[in-house]
Amino acid sequence: MSLASGHHPLATPAEQLRVLNSPTRAQQPFERALEASGLFPLTATGITVFQINVGKLCNQTCGHCHVDAGPDRREIMTHETAELCVRALAQTDIPTVDVTGGAPELNPNFRWLVTEARSLGRHVMDRCNLSVLLLPSQEDLAEFLAVYEVEVIASLPYYQEHETDAQRGEGVFAKSIEALRKLNALGYGQPDSPLKLNLVYNPVGAFLPPAQHAIEADFRRELARRHGVVFHSLYTITNMPISRFLEFLLRTGNYDRYMERLIGAYNATAAAGVMCRYTLSIGWDGTLYDCDFNQMLDLPVDHGLPRHVRDFRPELFRRRIVVGQHCYGCTAGAGSSCGGTTTAA
Amino acid sequence: MAGYYHAEDLPHFADVGKNAPELWQKFADWYGAVFAEGALTEREKSLIALAVAHAVQCPYCIDAYTQACLEKGSNLDQMTEAVHVASAIRGGASLVHAVQMRNAAAKVNM
């Protein structure tokens with residue numbers, strides 16, 4: 001069950017921000033860390049990724065989900081808002097459309113959005129939880145993705161069942177492997193194939209991700225050896241101290257130590273490469289954000305800029321970015337983004 | 001003093017350097033160099049450290065290197081095997097002394 005359905009206090013962005021900004025916790029404000037790195041105020045360098053979050057509906061309820069997504073969530077993007085997204089996109093030459101959720105494929109407008117973005121000549125990425133490919137209602141989804149040459153970015157927190165199921169739910173690992181095999185059979189992830197299949201690792205607990213190149217090598221070896229599965233690249237993502245992962249941190253007494261770990265591992269080089277500097281994030285209702293995490297904390301773009309996709313303007317390309325304590329999650333160690341580390345491996 | 005081995009003491013390890021700072025700095029530099037990737041990977045070194053931490057039964061080290069092993073991508077199966085290696089050596093080190101016992105007994109027995 002999602003935090004929202006359980007009426008948990010942390011379901012509200014205000015309560016999450018209250019915890020993150022609590023004066024009782026000795027934490028250097030993120031702005032101060034940016035200042036010391038010569039990065040304050042943080043600004044966008046352009047927009048190369050148009051990231052559309054089509055809603056919170058998902059067939060899984062993962063323990064770390066920063067969206068608080070699940071089968072019980074009903075907030076999804078309407079066709080009208082999807083049209084506004086395509087209209088805004090068409091005004092630009094932004095090369096990549098990154099579609100996320102929830103399970104974005106469960107939005108009835110997903111396929112329309114993909115075909116429109118592709119017809120505009122844009123590269124499309126689908127952030128896929130894998131198990132969605134096995135749902136009876138999505139029997140032809142993998143073929144659809146292949147026909148439109150959609151890049152699949154698939155979540156798989158570990159190459160073993162125990163760890164994966166602990167985070168994503170019982171039986172999810174087995175379904176994920178079956179889905180990966182289905183994608184491989186269509187050509188996804190095969191050497192030299194144009195059908196890109198990239199995996200996303202995130203820690204199954206309150207610790208930072210390993211070196212991306214090292215864990216990628218483990219995944220490649222173990223998935224091939226145990227399951228005959230191949231893929232192109234693996235991206236490591238740090239768990240953000242918001243929503244369900246924040247609830248986990250607080251419930252298990254790990255919050256202070258995790259925040260100290262993130263703050264202690266602040267890396268100015270990682271901060272310079274954070275994804276909000278080249279991404280515009282659009283919420284299910286059309287609201288504009290600097291990133292998907294700000295979206296979940298209800299922190300829209302600021303500083304006098306338009307806040308809805310219907311009002312999209314070129315000034316958004318060079319906007320000042322809204323930051324907070326959660327941003328330490330993207331700047332720790334080698335950095336973290338939807339495309340993996342933000343520093344050279 | 002209320003007791004020993006408090007988890008919150010671990011971040012104060014560097015306070016040891018307030019006295020004999022030059023010695024602390026030499027230790028810190030050497031320690032950092034030891035754990036840098038070399039002929040062994042950082043992950044292999046963390047697994048060795050975890051095993052040794054159990055052999056010397058240092059709760060600070062067990063805490064720190066459990067976290068480090070996870071952050072290097074190791075899993076509990078691998079970490080448990082590493083601890084078994086340390087335990088096997090500890091156990092074997094006791095047992096191999098039975099040769100001394102046998103020698104001593106052979107000398108006095110008829």
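A:P41 sits in the loop between α2 (30-36) and β1 of chain A. Helices (H or I, at least four residues) and strands (E, at least two) are DSSP runs, numbered from the N terminus. The peptide bond that leads from A:F40 into A:P41 is cis, with omega near -5 degrees. This is a predicted model: local features need pLDDT of at least 70, side-chain atom pairs count only at pLDDT 80 or more, and totals for chains, interfaces and linings use all residues. Residues are numbered from 1 along each chain as its sequence is written, while chains are lettered from A and ligands numbered from 1 in the order in which they are written.

A cis bond also joins A:G101 to A:G102, with omega near 20 degrees. A:G102 belongs to the loop between β2 and α4 of chain A. Most peptide bonds are trans, and most residues other than glycine have a negative phi. A:E149 has a positive phi, near 50 degrees. Its loop runs between α5 (141-147) and β4 (151-155) of chain A. A:E149 is exposed, because it has 12 other C-beta atoms within 10 Å. The cut-offs are these: 20 or more other C-beta atoms within 10 Å of a residue's own make it buried, 12 or fewer exposed, and anything in between partly exposed, with C-beta atoms placed from the backbone. A:H303 has a positive phi too, near 65 degrees. It lies in the loop between α12 (292-296) and α13 (328-331) of chain A.

Now the sheet. Eight strands form an open sheet with mixed pairing, in the order β6-β5-β4-β3-β2-β1-β7-β8 (chain A). Two strands pair if DSSP finds at least two bridges between them. The edges are β6 (233-236) and β8 (288-289) of chain A, each pairing on one side only. β6(A) runs parallel to β5 (residues 197-201) of chain A, over four bridges. One bridge joins A:L199 to A:L234 in β6(A). Helix α8(A) packs on the sheet and touches β5 and β6 of chain A; its direction makes about 130 degrees with that of β6(A). Such angles run from 0 to 180 degrees between N-to-C directions, with axes fitted as lines to C-alpha atoms, for helices over the stretch in contact.

Next, α4 (residues 110-119) of chain A. Its buried residues are A:F110, A:L113, A:V114, A:E116 and A:A117. They line one face of the helix, because they fall within an arc of 165 degrees seen down the axis of α4(A). The arc is that of the directions from the helix axis to the C-beta atoms. These residues pack against β1 (49-53), α3 (79-90), β2 (96-100) and β3 (123-128) of chain A. A:V99 is in contact with A:F110, A:L113 and A:V114, among others. Contact means C-beta atoms, placed from the backbone, within 7 Å. Just after α4(A), A:G121 takes a positive phi of about 80 degrees.

Last, the contact between chains. It takes nine residues from chain A and eight residues from chain B. Helix α8 (residues 212-227) of chain A gives the most to the chain A side, with three residues.

How values were computed. Contact = placed C-beta atoms within 7 Å. Lists of a residue's contacts leave out its neighbours within four places in sequence.
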